[in-house]
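Let's walk through this model together, starting with its rings and ending with its core. Have the structure open and follow along as you read.

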Amino acid sequence: MYQINGIKLIQLLTLSLFFSISSLKAQEKKEADADMVLKETIYNENRVKVLNFSLKDFDALFFEFFDKKASTDVVLTKQEYFKYTIQIAIFSDRLAALYPDQKEIADTNKKKWFAESYEDYLIYKASQKK
């Protein structure tokens, strides 16, 4: 019968592991792409409204989000979660327009809010129940 020597076995295992990791990364990328499409849709739907927010409107949105995030009784859907984070990101555009000397900080904040992960949020919510 056919025998596989140690080196060939290691090569096969390495190749198998490589394809498994590649497959997982492809799945993560598809999910990230789907999230980005959702985020961009929410951004486009809410941009004009949020750019017209007063600071009082923004504060209400911001604190509502953090109250819901901190509540052990509420788990936001992906759509709800991203609606909050993207609206907060949009408000950074308003701040950049109002305070041009703070544009770099506003851009950094916008990127941070756009980068928020629903999966990380779910992990956080699960840790609250412990």
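A charge is said to sit over a ring when NZ of Lys or CZ of Arg is within 6 Å of the ring centre and within 35 degrees of the ring normal. The model is a predicted one, where local features need pLDDT of at least 70 and side-chain atom pairs count only at pLDDT 80 or more, while totals for chains, interfaces and linings use all residues. Residues are numbered from 1 along each chain as its sequence is written, and side-chain values use heavy atoms, leaving out hydrogens and water.

With that in hand, look at K112: its charged end sits over the ring of W113, 3.9 Å from the centre. K69 does likewise with Y124, its charged end lying 5.7 Å from the ring centre.

Now to the rings themselves. Rings of Phe, Tyr and Trp (its six-membered ring) pair if their centres lie within 6.5 Å; planes under 30 degrees apart count as stacked, over 60 as edge-to-face and the rest as tilted. This rule gives 16 aromatic pairs. F58 and F91 are stacked because their ring centres are 4.2 Å apart and their planes meet at 10 degrees. The pair joins distant parts of the chain, with F58 in helix α2 (residues 55-70) and F91 in helix α3 (residues 78-98), 33 residues apart. Helices here are DSSP runs (H or I, at least four residues), numbered from the N terminus.

F58, at 12%, counts as buried, and F91 is buried at 2%.

F62 and F66 make a tilted pair, 4.8 Å centre to centre with 55 degrees between the planes. They are four residues apart in helix α2, so about one helical turn separates them. F62 is partly exposed at 23%, and F66 is partly exposed at 31%. Ring pairs link F62 and F66 into a cluster that also includes F58, F91, W113 and Y118.

Finally, the core. A nonpolar core is a set of buried Ala, Val, Leu, Ile, Met, Phe, Trp, Tyr and Cys residues joined through side-chain atoms within 4.5 Å. The largest one has 22 residues, and F65, Y81, F82 and I86 have the most contacts inside it. Helices α1 (6-51), α2, α3, α4 (103-114) and α5 (118-128) each give it two or more residues, with α3 supplying the largest share, eight residues. Beyond its neighbours within four places in sequence, I86 is in contact (heavy atoms within 4.5 Å) with K39, I42, Y43 and F114.

Technical notes
Buried means under 20% relative accessible area, exposed over 50%, partly exposed in between (1.4 Å probe, protein chains only).
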